[in-house]
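Work through the exercises below with the sequence and the model open. Try each task before reading its solution.

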Amino acid sequence: MAYTPPTKATFIGIFPAFAAVTDEVYAFWSAQAVLITEPLESCLGARMDLATMRATAHYLTQAGIGTGTESQMAAEGASGFKRIKSASIELERFDSGSTEDMGDWGTTSYGQQLYPMLKGCLTGPRVTGTGAVIGGCGFNGFAGPLPYGRC
């Protein structure tokens, strides 16, 4: 059965900064969020609703919708700023290596909270070769004994 995202009322109860979002806008962006989270439903389990709401909040923030500072900056086209100078105030933002690795998700606080949830579902174990065993009669574990004949 297809996953149904939380209702707008539930979303606004958790994320009140988006209380002014219209029904149509919420329906669109929550459907976009479901496209990301639904394939990971078995992994996300009980956190599925939270992941979907964080993805929705991320998309709404990028669209400049909401009352938070991030949303207001996005609405004014300044969400990706490095340096801004306005009258007597000057702001400079430095990129953090950890948020750079998140790609698009690193551009909002909601995406930064969502990224570890998604990454946990998409990464697998790291498997590496151990190399040759020293003193192991030349057996390398792949093609049989090495041609040294030292055993």
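## Exercise 1: the disulfide

Cys-43 and Cys-121 are joined by a disulfide, with an S to S distance of 2.1 Å. The model is predicted: local features need pLDDT of at least 70, side-chain atom pairs count only at pLDDT 80 or more, and totals for chains, interfaces and linings use all residues. Residues are numbered from 1 along each chain as its sequence is written, and side-chain values use heavy atoms, with hydrogens and water left out.

Solution. 

Step 1. A disulfide is a covalent bond between the sulfur atoms of two cysteines. The criterion applied here is a pair of cysteine sulfur atoms within 2.5 Å. The structure holds 1 disulfide.

Step 2. Cys-43 lies in helix H3 (residues 41–44) and Cys-121 in helix H7, so the pair, 78 residues apart, links distant parts of the chain. Helices are DSSP runs of H or I with at least four residues, strands are runs of E with at least two, and both are numbered from the N terminus.

Step 3. The torsion about the S-S bond of Cys-43 and Cys-121 is about -90°, so the disulfide is left-handed.

Step 4. Cys-43 has a relative accessible area of 39% and is partly exposed, whereas Cys-121, at 18%, is buried. Buried means under 20% relative accessible area, exposed over 50%, and partly exposed in between (1.4 Å probe, protein chains only).

## Exercise 2: the setting of Thr-52

Task: Is Thr-52 buried or exposed, and which residues does Thr-52 touch?

Solution. 

Step 1. Find Thr-52 in helix H4, which spans residues 48–62.

Step 2. The relative accessible area of Thr-52 is 1%, so this residue is buried.

Step 3. Leaving out residues up to four places away in sequence, Thr-52 touches Tyr-3, Pro-5, Pro-6, Ser-30, Ala-33, Val-34 and Thr-37. Contact means heavy atoms within 4.5 Å.

Step 4. The Thr-52 side chain also reaches the backbone oxygen of Met-48, at 2.9 Å.

## Exercise 3: Gln-113 and the whole chain

Task: Where is Gln-113, and how many helices and strands are there in the protein chain?

Solution. 

Step 1. Gln-113 sits in helix H7 (residues 109–122). With a relative accessible area of 38%, Gln-113 is partly exposed.

Step 2. The C-alpha atoms of Gln-113 and His-58 are separated by 9.6 Å, and the two residues are 55 residues apart along the chain.

Step 3. The protein chain has 7 helices and 2 strands, in the order α-α-α-α-α-β-β-α-α along the sequence.

Step 4. Of the 151 residues in the protein chain, 29% are buried.

Terms used:
Polar contact = N/O pair within 3.5 Å; in protein donor to acceptor, adjacent residues only side chain to side chain.
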